[in-house]
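Student: Please take me through the pockets of this model in one connected answer. I would like the linings first, then whatever else bears on the fold.

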Amino acid sequence: MKKKGFSRRKFLAAATTATIATAVSGPFKSSASGTGIWNKRHANLAVLGGAPVRPAGPIGPPWPYVDEQVVDSVVKTTRSGIWSRIQSRNGTVPTFEEAFAKLIGTKYSVGTGSGTQALSTCVEALGIGPGDEGITSPYTDFGTISSILTSRALPVLVDLEPDTYQLDPAEVEKRINKNTKAIMPVHIFGVACNMERIMAIARQHNLKVIEDACQAPLARYQGKGLGTIGDVGCFSFQASKPIACGEGGAVVGNDEQLMDACYTVQNRGANRKGSNATIGPKYRMNEFEGAILMGQFPGIKERFEIRNENANYLRSALKDFNALKPQRHYPGTESGAYYHFGMTYNKQEWGVDRSVFLKAVAAEGVSLGSYIPYHLHHEPWIDHILGLKSYKAMYSKSRLKAYKESMDLPNCDRIIKETMVSFAGSGTLLASRDEMKNIIDAIMKVYENRSRLKSV
C-alpha cells in the first residue's frame, strides 16, 4: 500500500502478539460483567470534565480510499475517451468484472451502477415479479427492499436474531407460502448470515437465494466467499463501503445462463449480441467507476486483512464483557468485511439508556453510533404499496391485510431502539493497534465509571 503514513508493514510493527491483558494500556481487572481494561490516568469521565482517552477526531485514514494509483487510473480513462462500457470490450468495466469475479471466487461478474441495481437485476433476471414474494431482512438499507418492489413483487420482512442482527432462519421458514420465490439474506456489517440453515430451507422449498453481500466483499463462511453460496450474490461499491467508487455494484455467479440474463437485464434488455431480448432498465456501471475500482485493486486484500486483524483484536478484548458484546458470528464464519463493527448494548449492566453511554464514550474521543435509526417495517412505503392498483390486482385483500399485520418484529425494534452499537469499519479498522486500544480504553473507562452516568 502506497498511501503516505499507512502501510501493512507499519501496522504489523505496531501490532503485538501479547495477550489482551498485557497488550492494552493500563492494568487488567476482572468484574462480574466480564473484562475491565482501562487506564487509571483517565479516571474522570471526559463528559464530566475529565481528560479524554484520545483527542476528538476520526480514527483511521480518511475514507473512501484514494492514492495516486486511483487518481492515475481515472486520468487515464478520462483521456482515453472511453467513458461507457459499450465503447470497448477491453475497457475498465469489463476488466473489473473479470478481476472481481476472480477475487470473489466465481466464474462471472456483471457490473452495475449500484448495489441496489445489482439486487434489482437479480430479482428481474430470476423472473420474480407481480404476485410473487421474496423474504428478506428489515435491518438493512432500503435498497434491499426496493429491489424487490421494483419488480412489483412483495418483500416479506422477518424478524432477526437479537445478537447477530441477521435473519432468524426459524422465522424465515414460518413465512414461506406458495407465492414465495426467493430468500434475500443480508450479510449485515459484512459478516455471514446463517447460510447453512438458509440454504437448507431454500433447497427444501425450491427457492432461489439472492445474497445481499453489499457490505461483505471478501468475507468468508465455511470455505466459501459470501456472495458465492446462493444462486447469485450482489455487492455495493458506494462511497462508504470497504471497496468504494462513489456508487457502483456487481452481481456474481457461476451459472452462465443466469449471469447472461443478469447482463441483459442491466443493459436495458439488450443481450450480449445486441438483440433487444427482454425488459430491463439501464443499470450499467460506467467506465469512471470501473477506473476507480481498478485503481485501488492492488491493495484490496491487504486492507481486508488489516481490518480482520483489528476486528479480531477488539472481539478478543470484548468477548467476555457482558455489558457490550461483539456481534455473534455463526459457526464457520472465517472472516468479515466489517463494513461496521457491531456490538450489543446491555442496559442492565450499564444502568442507563444507550444514548447516555454513546454521549459519554464520544467525549472520550471514540465515536460510536446506533447504525440504522429508522424502522423499515414501520415506514410509509408499506401503506404506499398497499394502495397501489398493481398490488391490489396481484395480491388478495386478505393477503395484503395479513402483510400489514406481519410488521410486528420485536427483535428488530429492540436492536434499533436499544441494543445496537457500532462504528464504521472501512477506514476505522485500518488504524493502528494503539487506536484499537483507545477504543477499548474508552469503553472500559466509561464502564468503570458507570455509576456516575446518571448525572450525565
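Tutor: The largest pocket of this predicted model has a volume of about 560 Å³. Its lining counts 23 residues. Nearest the centre of that pocket lie R85, P94, E97, Y263 and R272. By class, the lining of the largest pocket splits into eleven charged, seven nonpolar and five polar residues.

Now the second largest pocket. Its volume is about 310 Å³. It is lined by 20 residues, and T116, D141, C214, S236 and K241 are the closest to its centre. Here the elements that supply two or more lining residues are α5 (115-125) and α6 (142-149). The largest share, three residues, comes from α5. The lining of the second largest pocket holds nine polar, seven nonpolar and four charged residues.

Next, the backbone. Most residues other than glycine have a negative phi, and most peptide bonds are trans. P64 sits in the loop between β2 (34-37) and α3 (68-80).

The loop between α6 and β5 (154-157) holds R152. α6 also gives residues to the lining of the second largest pocket. R152 has 39% relative accessibility, so it counts as partly exposed.

The loop between α9 and α10 (287-296) contains R268. R268 is partly exposed because its relative accessible area is 41%, between the limits of 20% and 50%.

Last, the packing. The largest nonpolar core has 88 residues. Those with the most contacts inside it are F100, Y139, I210, F237 and Y403. Take Y139. Neighbours within four places in sequence aside, Y139 is in contact with L160, Y165, I188, F189, S370, Y371, I372, C412, I415, I416 and M420. A second, separate core has 38 residues, among them L314, A317, M343 and F423.

Methods:
Residues are numbered from 1 along each chain as its sequence is written. This is a predicted model: local features need pLDDT of at least 70, side-chain atom pairs count only at pLDDT 80 or more; totals for chains, interfaces and linings use all residues. Side-chain values use heavy atoms; hydrogens and water are left out. A nonpolar core is a set of buried Ala, Val, Leu, Ile, Met, Phe, Trp, Tyr and Cys residues joined through side-chain atoms within 4.5 Å. Buried means under 20% relative accessible area, exposed over 50%, partly exposed in between (1.4 Å probe, protein chains only). Contact means heavy atoms within 4.5 Å. On a 1 Å grid over the protein atoms alone, a cavity is a set of points where a 1.4 Å probe fits but cannot get out, and a pocket is an open set with protein on both sides within 12 Å along at least five of seven lines; lining residues have an atom within 4 Å of a point. Grid points are joined across faces, edges and corners, and a volume is the space filled by probe spheres set on the points. Ala, Val, Leu, Ile, Met, Phe, Trp, Tyr, Cys and Pro count as nonpolar, Asp, Glu, Lys and Arg as charged, and the others, Gly among them, as polar. Helices (H or I, at least four residues) and strands (E, at least two) are DSSP runs, numbered from the N terminus.
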